[in-house]
Amino acid sequence: MPVNDVLMGDAGTILVCAWLGGDVADGPVHTAADALRARAVPSESGLAWKMYQGDRDRWMPNYSHGTAGIATALAVAGHRLDRSDLVEAARLGAEHLVTLADIDDGGFRLPLQIPPAEGREAFAYGWCHGPAGTINLFGALELAGVDAVAGTSTTEWRARCVRSLESSGLPARLRPGFWDNDGRCCGTAGVLDAVLTHAQATGDAACLAFADRLASALVDRAIAMDPDGSQCCWRFHEHRADPPDLDPGVGWMQGAAGIVAALSRYARVREGGLSVSRTGLPDDWWMHVGPPTS
């Protein structure tokens with residue numbers, strides 16, 4: 001069964017190959033982009049994609065598994081290959097997402113899943129299923145020359161994603177099941193990285209106060225692993241489990257590696273200012289183009 005998404009499918013292939021660059025990368029980008037373009041599902045407002053190309057009834061519209069990530073990859077591919085058809089498909093994906101989003105409070109957040117999953121929050125906020133990841137779509141559209149979606153500038157949509165993150169209440173654990181993860185994929189570290197990227201790319205220092213809260217939460221939740229405090233870990237929380245504290249992870253997406261990287265970047269920004277160097281990764285390198293350094 002063909003897989004479309006960023007984590008396991010053709011969209012991820014596009015982003016990695018475009019990040020690596022070189023003539024050899026263009027072939028896989030063409031092939032994967034053509035496949036995604038052919039699998040688009042028309043909607044009343046634009047185009048949509050599922051994670052799997054099949055008859056599953058679940059739609060996850062955000063970055064890791066859905067239309068947001070796939071449209072991002074098509075925008076990146078269109079820019080790299082100078083193909084307006086791919087850029088247009090990406091724009092139509094964004095047009096579709098705007099019709100699904102909650103934007104009433106000046107923010108932008110998409111449902112976690114359509115139809116809603118019983119026993120789950122209606123909205124998530126991390127890199128995988130929330131504004132922290134979906135913000136990358138609007139940056140990719142800017143890269144490809146798309147200035148507006150649904151009559152609103154892509155710059156404003158990016159700012160709206162940050163507003164939804166700030167107004168959500170995270171990183172506080174407001175209720176059982178809300179914000180139990182501090183990792184890069186689904187939790188605090190991923191939001192911190194997205195906020196820092198937005199601040200550095202736009203010069204918006206105002207959102208650094210939010211970054212301060214996120215970084216402080218990560219530091220407060222670190223667990224010392226030895227008496228002298230030379231090592232620490234993080235244990236995420238699952239309120240339905242007994243005991244609720246999960247075993248510590250060490251990896252990039254769900255463990256110490258991703259958390260430490262986010263905290264290290266935060267420290268560099270706070271010490272050196274918004275113009276300090278930035279390292280783009282395959283999932284967001286185009287977001288690291290911003291105001292010239294002083």
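Select Trp 179, which is placed in the loop between α6 and α7; helices here are DSSP runs of H or I with at least four residues, and strands are runs of E with at least two, numbered from the N terminus. Trp 179 is not a glycine, yet its phi is positive, about 60°. Its relative accessible area is 7%, so Trp 179 is buried (under 20%, with exposed over 50% and partly exposed in between; 1.4 Å probe, protein chains only).

The model is predicted: local features need pLDDT of at least 70 and side-chain atom pairs pLDDT 80 or more, whereas totals for chains, interfaces and linings use all residues. Residues are numbered from 1 along each chain as its sequence is written, and side-chain values use heavy atoms, without hydrogens and water.

Remain in the loop between α6 (154-167) and α7 and select Pro 171. A cis peptide bond, with omega about 15°, joins Leu 170 to Pro 171.

With a relative accessibility of 71%, Asp 82 counts as exposed.

Continue to Pro 243, in the loop between β6 (232-233) and α9 (256-272). The peptide bond from Asp 242 to Pro 243 is cis, and its omega is near 0°.

For context, most residues other than glycine have a negative phi, and most peptide bonds are trans.
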